[in-house]
Amino acid sequence: VKADDGNGGTDSFEKTVTVSAPVTQISGIGALQGTGADLKDSQVLLFNVYPSTGFPYKKYTLTGSGTKVVFNLTGFEAGDYYILLWKDVDKNGSASMGDLVGWYGDGDYHSPNYFKIQVGEGQTFCCDQLKTYVAN
């Protein structure tokens with residue numbers, strides 16, 4: 001680029017722009033509701049079937065901490081998915097009272113309604129906040 005000030009002064013510079021291939025991804029925020037617990041080491045579970053009928057397709061461990069954590073999931077193919085956030089507070093390997101649970105959808109802990117996420121190749125789906133609760 002060359003710039004001319006109109007009075008004989010000029011300046012030029014060169015910049016390099018690197019273009020990356022688009023990434024297929026899902027992003028969002030896990031947000032605890034009504035508790036001061038910590039979401040550190042929570043997992044976001046990616047399902048390609050309705051969560052109550054199958055096993056997770058992929059698991060991602062969150063690196064943030066506090067009552068809100070940001071996540072960005074990559075490394076999966078375009079398609080239809082559901083997501084569930086879970087922290088195994090008592091570390092017993094299964095969902096139990098006192099664990100932290102959130103999902104993309106509505107409903108409550110006893111009757112969640114999971115919303116389907118449709119992600120195209122190279123697209124980002126933002127699911128905003130996953131409201132996360134203490135299981136009771």
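Colleague: Is Asp 128 buried or exposed?

Modeller: Relative accessible area decides the matter: buried means under 20%, exposed over 50%, and partly exposed in between, with a 1.4 Å probe and protein chains only. Asp 128 counts as exposed because its relative accessibility is 54%. Asp 128 is found in strand 12, residues 124–134, and has a positive phi of about 55° although it is not a glycine. Strands are DSSP runs (E, at least two residues), numbered from the N terminus.

Colleague: What should I know about the origin of the coordinates and the numbering?

Modeller: This is a predicted model, in which local features need pLDDT of at least 70 and side-chain atom pairs count only at pLDDT 80 or more, whereas totals for chains, interfaces and linings use all residues. Residues are numbered from 1 along each chain as its sequence is written, and side-chain values use heavy atoms, with hydrogens and water left out.

Colleague: What is the phi of Lys 91, and where is Lys 91 found?

Modeller: Phi of Lys 91 is near 55°, a positive value in a residue other than glycine. Lys 91 is found in the loop between strand 7 and strand 8, and is exposed, with a relative accessible area of 64%.

Colleague: How many salt bridges does the structure hold?

Modeller: A salt bridge is a side-chain nitrogen of Lys or Arg within 4 Å of a carboxyl oxygen of Asp or Glu. The structure holds one. Lys 116 forms a salt bridge with Asp 80, and their closest N and O atoms are 4.0 Å apart. The pair links distant parts of the chain, 36 residues apart: Lys 116 is in the loop between strand 10 and strand 11 (117–119), and Asp 80 is in strand 7. Lys 116 is partly exposed, at 45% relative accessible area, and Asp 80 is partly exposed, at 36%.

Colleague: Which residues line the largest pocket?

Modeller: On a 1 Å grid over the protein atoms alone, a pocket is an open set of points with protein on both sides within 12 Å along at least five of seven lines, and lining residues have an atom within 4 Å of a point. Leu 45, Leu 84, Trp 86, Ala 95, Val 101, Trp 103, Tyr 109, Pro 112 and Tyr 114 form the lining of the largest pocket. Strand 7 (79–87), strand 8 (100–103) and strand 10 (111–114) are the elements that give two or more residues to this lining. The lining residues divide into nine nonpolar, no polar and no charged; Ala, Val, Leu, Ile, Met, Phe, Trp, Tyr, Cys and Pro count as nonpolar, Asp, Glu, Lys and Arg as charged, and the others, Gly among them, as polar.

Colleague: Where does Leu 45 lie?

Modeller: Leu 45 lies in strand 4, residues 43–47. Leu 45 counts as buried because its relative accessibility is 7%.

Definitions and conventions:
On a 1 Å grid over the protein atoms alone, a cavity is a set of points where a 1.4 Å probe fits but cannot get out, and a pocket is an open set with protein on both sides within 12 Å along at least five of seven lines; lining residues have an atom within 4 Å of a point. Helices (H or I, at least four residues) and strands (E, at least two) are DSSP runs, numbered from the N terminus.
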